[in-house]
Amino acid sequence: MYCVCKEHVELAIDKFVDEYEDAPDIVDLMKTKFTEWEAPATCELGQCDHIAEYLVV
């Protein structure tokens, strides 16, 4: 599972496919809220400090 900014969506998809050998689901974190989980504020890939907009799972 990766919480990423718009710039890193493709990289997150590639990493997911490499790890799980399956296509991920992409959730728009700007439109979806979870009651039991809160997304990180910033992108989890690299040294990026952009807002995490997508969940790749």
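## Basis

Residues are numbered from 1 along each chain as its sequence is written, and side-chain values use heavy atoms, with hydrogens and water left out. Because the model is predicted, local features need pLDDT of at least 70 and side-chain atom pairs count only at pLDDT 80 or more, while totals for chains, interfaces and linings use all residues.

## Sheet

Three strands make up an open sheet with antiparallel pairing, in the order E1-E3-E2. Strand E1 (2-4) and E2 are the edge strands, each pairing on one side only. On average, neighbouring strands of this sheet are turned by 25° against each other, direction ignored. Strands (E, at least two residues) and helices (H or I, at least four) are DSSP runs numbered from the N terminus. Two strands pair if DSSP finds at least two bridges between them. Axes are lines fitted to C-alpha atoms, for helices over the stretch in contact, and angles run from 0 to 180 degrees between N-to-C directions.

E2 and E3 pair in the antiparallel sense over three bridges. Aspartate 28 has tyrosine 54, in E3, as its bridge partner.

## Cysteines

A disulfide is a covalent bond between the sulfur atoms of two cysteines. Here it is taken as a pair of cysteine sulfur atoms within 2.5 Å, and by this rule the count is zero. For cysteine 3, the closest cysteine sulfur is that of cysteine 43, at 8.9 Å, which is too far for a bond. For cysteine 5, the closest is in cysteine 48, at 3.7 Å, and this too is too far for a bond.

Cysteine 3 is buried, at 1% relative accessibility. Cysteine 5 is also buried, at 2%. Buried means under 20% relative accessible area, exposed over 50%, and partly exposed in between (1.4 Å probe, protein chains only).

## Loop residues

Glutamate 21 lies in the loop between helix H1 (9-20) and E2, and its relative accessibility of 72% makes it exposed. Its phi is near 55°, a positive value in a residue other than glycine. Most residues other than glycine have a negative phi.

The loop between strand E2 (26-28) and strand E3 (54-56) holds glutamine 47, which is exposed with a relative accessible area of 82%. Glutamine 47 and aspartate 18 are 29 residues apart in sequence and 21 Å apart from C-alpha to C-alpha. Glutamate 53 also lies between E2 and E3 and is partly exposed at 25%. Its C-alpha atom is separated by 12 Å from that of lysine 33, 20 residues apart along the chain.

## Largest pocket

The largest pocket has a volume of about 230 Å³. On a 1 Å grid over the protein atoms alone, a pocket is an open set of points where a 1.4 Å probe fits, with protein on both sides within 12 Å along at least five of seven lines; lining residues have an atom within 4 Å of a point. Grid points are joined across faces, edges and corners, and the volume is the space filled by probe spheres set on the points.

Among the lining residues are Leu29, Met30, Phe34, Trp37, Glu38 and Ile51. By class, the lining has nine nonpolar, one polar and two charged residues. Ala, Val, Leu, Ile, Met, Phe, Trp, Tyr, Cys and Pro count as nonpolar, Asp, Glu, Lys and Arg as charged, and the others, Gly among them, as polar. Glutamate 38 lies in the loop between E2 and E3 and is exposed at 74% relative accessibility.
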